[in-house]
Amino acid sequence: MITLDYAAERERMVKDQLESKGIRNRRVLDAFRSVPRHLFVNPADEAAAYQDRPLALSGGQTISQPYMVALMTESLDVAPGHRALEVGTGSGYQAAILAELGAVVHTVERLPALSDEARRRLERAGYRDIRHRVGDGTLGWPEEPAFDRIVVTAGAPDVPIGLLTRLEEGGVLVVPIGDDRVQELVKFRRGDGRGSRERLCRCSFVKLIGAEGWPEN
Ligand code: SAH
């Protein structure tokens, strides 16, 4: 049996994939040193968990490449106590990173089987305070008050206006917007009047499917 030194692999991932590509925020880098990514991939892919690439999850979905998760997280600028909403739980990895940063994490996944699996993975990795919901996250989390931070981890055809309205004043929304193959990662800040919009980079996510996303099929 091969035993892998995952802490050493994480350290290498942080150095070679994150720091070298410009991720600078100490707290973000520390979160990536702490979260056991190998517990969030399919067992057959465990040895590849810290490689510079996305990996397949069940239901045709993917856990994003570490750098993309780091870039989204750094742009979100999370402070302890922030109320954060993630749309697209997937493996649960991004939710764990947000929890490491001290956010009060709410995560929505449309596929029940993936949501269940993510709950189990997060429990096993010791993240027990994350709130889960199954449903269309483009509609936000209607019973909850507005959020300080919202991250959409699937590609939207256009700005999900409904989510912008679920942001607190000064709040930040990070979302990939584009066609079904290539998107641009965009950061919105809700501010007095119009707020701001910043383009971060090109990216490629699975489709955001829902009322303010792509139609199913
Ligand atoms: N953040 C994840 C990666 C997510 S992949 C991680 O860290 O592993 C994108 C996920 O978004 C998929 O699981 C997909 O099922 C989900 N998704 C797509 N449209 C959605 C919607 N409208 N609401 C909630 N989840 C959605």
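Start with strands S3 and S6. S3 covers residues 83-87, S6 covers 147-152, and 4 bridges join them in parallel. Helices (H or I, at least four residues) and strands (E, at least two) are DSSP runs, numbered from the N terminus. Two strands pair if DSSP finds at least two bridges between them.

A word on the source. This is a predicted model, where local features need pLDDT of at least 70 and side-chain atom pairs count only at pLDDT 80 or more, while totals for chains, interfaces and linings use all residues. Residues are numbered from 1 along each chain as its sequence is written, and side-chain values use heavy atoms, with hydrogens and water left out.

Now the whole sheet. It is open, has 7 strands and mixed pairing, and its order is S5-S4-S3-S6-S7-S8-S9. S5 (131-134) and S9 (196-203) are the edge strands; each has a single partner, so one side of each lacks a neighbour in the sheet. From one strand to the next, the twist averages 15°. Helix H5, residues 112-124, packs on the sheet and touches S4 (104-109) and S5. Contact means heavy atoms within 4.5 Å. The direction of H5 makes about 165° with that of S5. Axes here are lines fitted to C-alpha atoms, for helices over the stretch in contact, with angles from 0 to 180 degrees between N-to-C directions.

Next, the aromatics. How many aromatic pairs does the count come to? It comes to 3. Rings of Phe, Tyr and Trp (its six-membered ring) pair if their centres lie within 6.5 Å; planes under 30 degrees apart are stacked, over 60 edge-to-face, the rest tilted. Phe 32 and Tyr 93 are edge-to-face, at 6.0 Å centre to centre and 75° between the planes. Phe 32 sits in helix H2 (residues 26-34) and Tyr 93 in helix H4, so this pair ties together parts 61 residues apart in sequence. Phe 32, Phe 40 and Tyr 93 form one cluster.

Relative accessible area is 0% for Phe 32 and 1% for Tyr 93. Buried means under 20%, exposed over 50%, partly exposed in between (1.4 Å probe, protein chains only).
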